Amino acid sequence: MLSDPLKDALRYLRYRLRSRKEIQVHLLKKGYSEKEIEEVIEKLEEQNILNDRVFARFYISDGLSVYYKGPFRLKQELLKLGVSEELIDDSMEKELENCDLKEVAKKAAGNTEHADPDKIRRKLYRKGFSSSIIDEIIDEIKQKS
């Protein structure tokens with residue numbers, strides 16, 4: 001017997017913010033109908049419990065300041081989570097205004113004292129930083145050596 005889809009959605013939201021698509025997929029897996037899911041999502045959005053714009057801003061902010069991920073990787077992750085590209089770009093622009101991307105990349109590179117510049121380049125590329133930021137970091141490392 002299925003329980004209440006709203007309760008299931010709220011329980012799923014208890015641990016972290018979620019995107020609209022994440023809630024849809026979760027409730028579909030639980031066996032709820034598309035109609036039930038849409039009603040729950042509308043209720044959550046009306047109460048501002050579910051908001052892809054807020055979700056994207058928090059996701060980007062945490063990605064930059066806690067996990068030291070670059071913009072390209074964050075964008076790909078948000079696209080997979082079902083956030084629209086327009087919303088991602090808007091949120092990314094706002095978050096990057098308050099953030100020194102070069103400093104984030106330095107933190108992502110970690111201890112660079114004895115590190116191989118090629119390894120650092122690959123690491124930062126995997127983390128989603130642009131080649132221009134990576135080049136700046138590599139140049140700084142080479143100047144210190």
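**Fold and cores of a predicted helical model**

Visitor: Which pattern does the protein follow along the sequence?
Guide: This is a predicted model, in which local features need pLDDT of at least 70, side-chain atom pairs count only at pLDDT 80 or more, and totals for chains, interfaces and linings use all residues. Residues are numbered from 1 along each chain as its sequence is written, and side-chain values use heavy atoms, without hydrogens and water. Helices (H or I, at least four residues) and strands (E, at least two) are DSSP runs numbered from the N terminus. With 9 helices and 0 strands, the pattern reads α-α-α-α-α-α-α-α-α.

Visitor: Which residues have the most contacts inside the largest nonpolar core?
Guide: Such a core joins buried (under 20% relative accessible area, 1.4 Å probe, protein chains only) Ala, Val, Leu, Ile, Met, Phe, Trp, Tyr and Cys residues through side-chain atoms within 4.5 Å. Helices 4 to 9 each supply at least two residues of this core. Among its 24 residues, those with the most contacts are Leu78, Val83, Leu124 and Phe129.

Visitor: Which residues does Leu78 touch, not counting those up to four places away in sequence?
Guide: Contact means heavy atoms within 4.5 Å. By that criterion, Leu78 touches Phe55, Ala56, Tyr59, Ile60, Val83 and Ile88.

Terms used:
Buried means under 20% relative accessible area, exposed over 50%, partly exposed in between (1.4 Å probe, protein chains only).
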